[in-house]
Amino acid sequence: KANFTEAKLVAANLYGVNLSYADLSEADLSEADLTGANLHRANLHGANLHGANLYRANLYRADLRAADLTEANLTRAKLTEAKLKHSRGVKGVKGA
């Protein structure tokens, strides 16, 4: 599995990338384009996703605990069984 712990990926173009099972804990993905990205079971614990585009991203069983999703685009994102405890910016999302 790929290790991107604490990586600085601000405004990165990650359109359609496969980061399934990747460790992105504490990574800075603010303003990143993750449209259609596969983040199945990815570890995004404490990641900064402020303003990120997660349109149609697969976040099935992803760990988003304590992540900042403020102003992130989660339109049509798959969040089934995602861990959202203590996340910011996900008001109204079940499990947040």
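The following legends describe close-up views of a predicted model.

Local features require a pLDDT of at least 70 and side-chain atom pairs a pLDDT of 80 or more, whereas totals for chains, interfaces and linings use all residues. Residues are numbered from 1 along each chain as its sequence is written, and side-chain values use heavy atoms, with hydrogens and water left out.

**View A. The largest nonpolar core and Leu 39.** The largest nonpolar core contains 28 residues. Such a core is a set of buried Ala, Val, Leu, Ile, Met, Phe, Trp, Tyr and Cys residues joined through side-chain atoms within 4.5 Å; buried denotes under 20% relative accessible area, exposed over 50%, and partly exposed the range in between, with a 1.4 Å probe and protein chains only. The residues with the most contacts inside the core are Leu 24, Leu 29, Leu 39, Leu 44, Leu 59 and Leu 64. Contact means heavy atoms within 4.5 Å. With residues up to four places away in sequence not counted, Leu 39 touches Leu 19, Leu 24, Leu 54, Asn 58, Leu 59, Tyr 60 and Ala 62. In soluble globular proteins, nonpolar side chains tend to be buried together.

**View B. The surroundings of Leu 49.** Leu 49 counts as buried because its relative accessibility is 1%. Residues up to four places away in sequence not being counted, Leu 49 touches Leu 29, Ser 30, Leu 34, Leu 64, Asp 68, Leu 69, Thr 70 and Ala 72. Leu 49 and Ala 67 are 18 residues apart in sequence, with a C-alpha to C-alpha distance of 7.0 Å.

**View C. Asp 28, buried without a salt bridge.** Asp 28 is buried, yet has no salt bridge, defined as a side-chain nitrogen of Lys or Arg within 4 Å of a carboxyl oxygen of Asp or Glu. The nearest side chain of opposite charge is that of Lys 8, 5.5 Å away; for this assignment Lys and Arg count as positive and Asp and Glu as negative, while His and the chain ends are not counted. The side chain of Asp 28 makes polar contacts with the side chains of Ser 30 (2.8 Å) and Asn 48 (3.4 Å). A polar contact is a pair of N or O atoms within 3.5 Å; within protein, one must be able to donate a hydrogen and the other to accept it, and residues adjacent in sequence count only if both atoms are side-chain atoms. Neighbours within four places in sequence aside, Asp 28 is in contact with Ala 7, Lys 8, Leu 9, Val 10 and Asn 48.

**View D. Asp 68 and its salt bridge to Arg 88.** The side chains of Asp 68 and Arg 88 meet at an N to O distance of 4.0 Å. Asp 68 counts as buried because its relative accessibility is 12%, whereas Arg 88 is partly exposed at 44%. The side chain of Asp 68 also makes a polar contact with that of Thr 70 (2.5 Å). Beyond residues up to four places away in sequence, Asp 68 touches Ala 47, Asn 48, Leu 49, His 50 and Arg 88.

**View E. Salt bridges of Arg 61 and Arg 65.** The whole structure holds 3 salt bridges. In the bridge between Glu 81 and Arg 61, the closest N and O atoms are 2.7 Å apart; Glu 81 is partly exposed at 48% relative accessible area, and Arg 61 is partly exposed at 33%. Arg 65 forms a salt bridge with Asp 63 (2.6 Å, N to O). Arg 65 is partly exposed at 33% relative accessibility, whereas Asp 63 is buried at 11%.
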